Amino acid sequence: MVVLSRSIHACGDPAQPQPLPFLTLSDKNTLLHIRMRAATSGAVCEFVLKEKGMWWMMSNEGGHYCSKKSDDICGDVCGQESSRALSLSRIRCILRGMDLKTYIFLFAFVPTLVFGIYVHGQKISYFLRPLWESPPKPFHEIPHYYNENVTMERLCKLHGWGIREYPRRVYDAVLFSNELDILAIRWNELYPYVTQFVLLESNSTFTGKPKPLAFASHRDQFKFAEPRLTYGTIGGRFKKGENPFVEEAFQRVALDQLLKIAGITDDDLLIMSDVDEIPSRHTINLLRWCDDIPPVLHLRLRNYLYSFEFLVDNNSWRASVHRYQTGKTRYVHYRQSDVILADSGWHCSFCFRRISEFIFKMKAYSHFDRVRFSYFLNPKRIQRVICKGADLFDMIPEEYTFKEIIGKMGPVPHSFSAVHLPSYLLDNADKYKFLLPGNCLRESG
């Protein structure tokens, strides 16, 4: 223990020395340096204490600490120079006082953390969704009864509905992009019970990019539906930077007008769904024959990804059937009712024959912002993702509870069941084998 007694006089005017306070130093190796320096207000005393390579500087004007291990630099930083460039000096002091672990943290861990947030920020956001968004109000689910050997009168009664003297007319209306194979399966599935097929095609994607009129170019493949077809085209607005949902809504409004041209009237059934949301034919037949069905009825569809090999869940709900009302019914693609009919068909998302069609849709549809990196569009990567049953956009499942999110993380399990699929698909299995279990490879063109 080293004690500096009051007998040491070094401060103030040398003619009138002031006694020093007691200074107790725990390290006997500590060096005490006392020096005098001139000041405009008189002599000022400074005490420079060096302890284990660190400098302490004290004066009768106050004191502060400098973590410098070099007395030259420390003198510049913590002495007279510090008052001239205090902020810079503090930074220099802080940096010189850091050890190796701190530098590793700053220059390795922190950039890695920032890069991880940039790459996986969307995943983090979706995973934490239950914290900032509540699940929607649950649907009132209507049990769905069907067997080909049960009469329609009995089926309507099982659902709590009456039977009509004659069936309603049915209009199936879709916006079309490039889903030629799925459109063929859809129209053949619904053909026995649809009065009029209504199809609107644009020369613009929802993202404002030019596209060919795919249906017009392949119309001869759908000659079977020609007598019942109302076809229309609409020019794109090609507004760069606009929210793609605005263009989508614009085209849906145009589809309302095309329905009127097709001759729809009150109480006709109108199917509102995307091309890849396919109601089963027996569901539509049930709804056209039964009386007192809800004015707006959502359809719960089996949700498939890439083909009928990857069954995601049974929770696709956006498809709906409406009893048309002039001036009230609008063609939209969001929730319009709290009532839903169970097990009513199939939703086969990204079910394409060619890799080029996958790439086109990824860049063209309303959620194009999910293509966060250019390598997402690499054909070899897309093929690997398809066969694995993983997510094309490397996303976390869009769910509202942690239980559902964790339960659906990872690739979709393979299914080897081809039971209760559209009959046209099975009748033409050789042509559409890419949609059946065990056939994940796609054509490159």
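Analyst: Start with pLDDT, which is the predictor's confidence in each residue, on a scale from 0 to 100. You need it here because this is a predicted model. The mean pLDDT of the protein is 83. Of its residues, 78% reach 70 or more.

Now the core. The largest nonpolar core has 51 residues. Trp187 and Leu435 have the most contacts inside it. Helix 6, residues 180-190, gives the most to this core: seven residues.

Stay with Trp187. What does Trp187 touch, leaving aside its neighbours within four places in sequence? Its partners are Asp172, Phe197, Leu199, Phe215, Phe222, Phe224, Ala225 and Leu229.

Take Phe197 from that list. A pair of aromatic rings is described by the distance of the centres and the angle of the planes. For Trp187 and Phe197, the centres are 4.8 Å apart and the planes make an angle of 35°. This aromatic pair counts as tilted. It links distant parts of the chain, with Trp187 in helix 6 and Phe197 in strand 12, residues 196-202. The two residues are 10 residues apart. Both Trp187 and Phe197 are buried.

The pair belongs to a wider group. Ring pairs join Phe176, Trp187, Tyr191, Phe197, Phe215, Phe222, Phe224 and Tyr231 into a cluster. The structure as a whole holds 24 aromatic pairs.

A second, separate core has 24 residues, including Phe373, Ala390, Leu392 and Phe393. Phe393 also has a ring partner, Phe350. Here the centres are 6.1 Å apart, the planes are at 70°, and the pair is edge-to-face. Phe350 lies in the loop between strand 22 (345-349) and helix 10 (355-364). Phe393 lies in the loop between helix 11 (379-388) and helix 12 (402-408). So the pair ties together parts that are 43 residues apart in sequence. Phe350 and Phe393 are both buried.

Rings can also face a charge. The charged end of Arg335 sits over the ring of Phe139, 3.9 Å from its centre. The charged end of Arg237 sits over the ring of Phe250, at 4.9 Å from the centre.

Last, the disulfides. The count comes to three. With bonded cysteines counted along the chain, the pattern is 1-2, 3-4, 5-6.

Cys156 is in helix 5 (residues 152-158) and Cys290 in strand 16 (residues 290-291), 134 residues apart. Are these cysteines buried or exposed? Cys156 is buried, with a relative accessible area of 0%. Cys290 also counts as buried, at 0%.

Another disulfide joins Cys348 to Cys351, S to S 1.8 Å. Its torsion about the S-S bond is about -80°, so this disulfide is left-handed. Both Cys348 and Cys351 are buried.

Cys387 and Cys440 also form a disulfide, with sulfur atoms 2.1 Å apart. The torsion is about 90°, so this disulfide is right-handed. Cys387 is in helix 11 and Cys440 in the segment after helix 13 (423-427), 53 residues apart. Cys387 counts as partly exposed, at 22% relative accessibility.

Notes:
Residues are numbered from 1 along each chain as its sequence is written. This is a predicted model: local features need pLDDT of at least 70, side-chain atom pairs count only at pLDDT 80 or more; totals for chains, interfaces and linings use all residues. Side-chain values use heavy atoms; hydrogens and water are left out. A nonpolar core is a set of buried Ala, Val, Leu, Ile, Met, Phe, Trp, Tyr and Cys residues joined through side-chain atoms within 4.5 Å. Buried means under 20% relative accessible area, exposed over 50%, partly exposed in between (1.4 Å probe, protein chains only). Helices (H or I, at least four residues) and strands (E, at least two) are DSSP runs, numbered from the N terminus. Contact means heavy atoms within 4.5 Å. Rings of Phe, Tyr and Trp (its six-membered ring) pair if their centres lie within 6.5 Å; planes under 30 degrees apart count as stacked, over 60 as edge-to-face and the rest as tilted. A charge sits over a ring if NZ of Lys or CZ of Arg is within 6 Å of the ring centre and within 35 degrees of the ring normal. A disulfide is a pair of cysteine sulfur atoms within 2.5 Å.
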